[in-house]
Amino acid sequence: MNYRIVVHYAELALKGNNRNLFVKRLRQNIKNKLLSMGLDWEVVTIHDRLFVNVADKDAALAETTVHEIARIPGIAWLSFVHWFEERTYRFMQAKPDLQPIHEVIKTLANKTYQAGQSFALKVKRSDKNFTYTSKQLAHELASTVLENSDWKDVDLKHADQFFYVNISSRGIAVHTNKIKATGGLPVSSTGKVLTLLSGGFDSPVAAWLMSNRGCSVHFVHFSASHQNRQEVENYKVSRIVKQISEVTGRARLFIVPYTHFDLALMEQDLAYDLILFRRFMARVAEQITQDIYAEALVTGDNLGQVASQTMANINSMNQSVTVPILRPLLTYNKEQIIELSKQLGLFDLCCEPYKDCCALISKSPKTKSKASALQRMESQHLSNYQQLIDDTLADMTEVVYRFGQLEEVNHSNN
């Protein structure tokens, strides 16, 4: 007997002639994730699913790996399968020896038993050369469960615990309840985006939502100060990117000090300083998108949550750049965002205190603005705008993570 991880996808099956491209990308993403864990396991495409041939006999390692793979976007559900190769066990002969199947079912029954719950056997026979009918084998295996474990209640339609046996010409697969995954599309199948990342709840969740729609997600963060390598690694925002990269793969974080902008507006006491700053961030980020070939910016804005996220101020920010600005959280409320952060394992990290650059720039932001009026302010008070952007980017630090591992740290001014 060997172990397999069977990967099923739902949305990819609807992609028509482009389906193979999405499946190929998902297969490579799974392969890359395994390699990041030090596992050179074979990933195979077959019909409407993928499967991973587990080369290690360590069941605990294999089961842990299933849950790691389940976090990868593009997967609907998975199964940790006990696999019996037909070439070894010869189940298609007239009188097959099914004792190995009974032994695995017995083990799984004792491992999964829960008092007061019900179980059922689901047998699927896709090769009719197998001498037992699905109903016959299901009855025999159910008897094995009842005679060798504490399970007592059978419910064929609404059982709490299912035991699955799938019979094909290649062999027999045995597994228990399916493991729900995140769904969506494979990362890097729909484009590349750059997320304006703060240390709060919203932008990390927005980035994850974009990765779940198939985007390769990278990040830019505006910092109040310069940091050395050790400070960068311990920085809250860096740790957020590190955690997101465990799912998305390679992620680049650009840490940009906003001191040049702050100095340019010092003591000018402009009522619209916050929206001017958001337009500045968008322009700096737009220049980075050109360097990394990203196709859009992403923010964690949701309409009306704070003063800077009114319809008028969102429009003013949009009109400062030509690149599209995507806002996947636009209609979410705060409770929904926090609940998503918990589901994604980001909640505790996002709860840690940090200095919000927008709060530092302005304590009483305006709720309404017009792009034309803001442009006049920029011409008057920030006349050498491109130089301001260039000076800011000259002090930028790039941090690269790959599947949760720090790959490199680069300082632009070194």
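A residue counts as buried when its relative accessible area is under 20%, as exposed when that area is over 50%, and as partly exposed in between, using a 1.4 Å probe and protein chains only. The structure is a predicted model, in which local features need pLDDT of at least 70 and side-chain atom pairs count only at pLDDT 80 or more, while totals for chains, interfaces and linings use all residues. Residues are numbered from 1 along each chain as its sequence is written, and side-chain values use heavy atoms, with hydrogens and water left out.

Of the 414 residues of the chain, 51% are buried, and the C-alpha trace spans about 90 × 40 × 40 Å along its principal axes. The secondary structure comes to 16 helices and 16 strands, which are DSSP runs numbered from the N terminus (helices H or I, at least four residues; strands E, at least two).

Gln309 is buried, because its relative accessible area is 7%. Its side chain makes a polar contact with the side chain of Asp301 at 3.5 Å; such a contact is a pair of N or O atoms within 3.5 Å, where within protein one must be able to donate a hydrogen and the other to accept it, and residues adjacent in sequence count only if both atoms are side-chain atoms. Leaving aside neighbours within four places in sequence, Gln309 is in contact (heavy atoms within 4.5 Å) with Asp301, Asn302, Leu303, Gly304 and Ile314.
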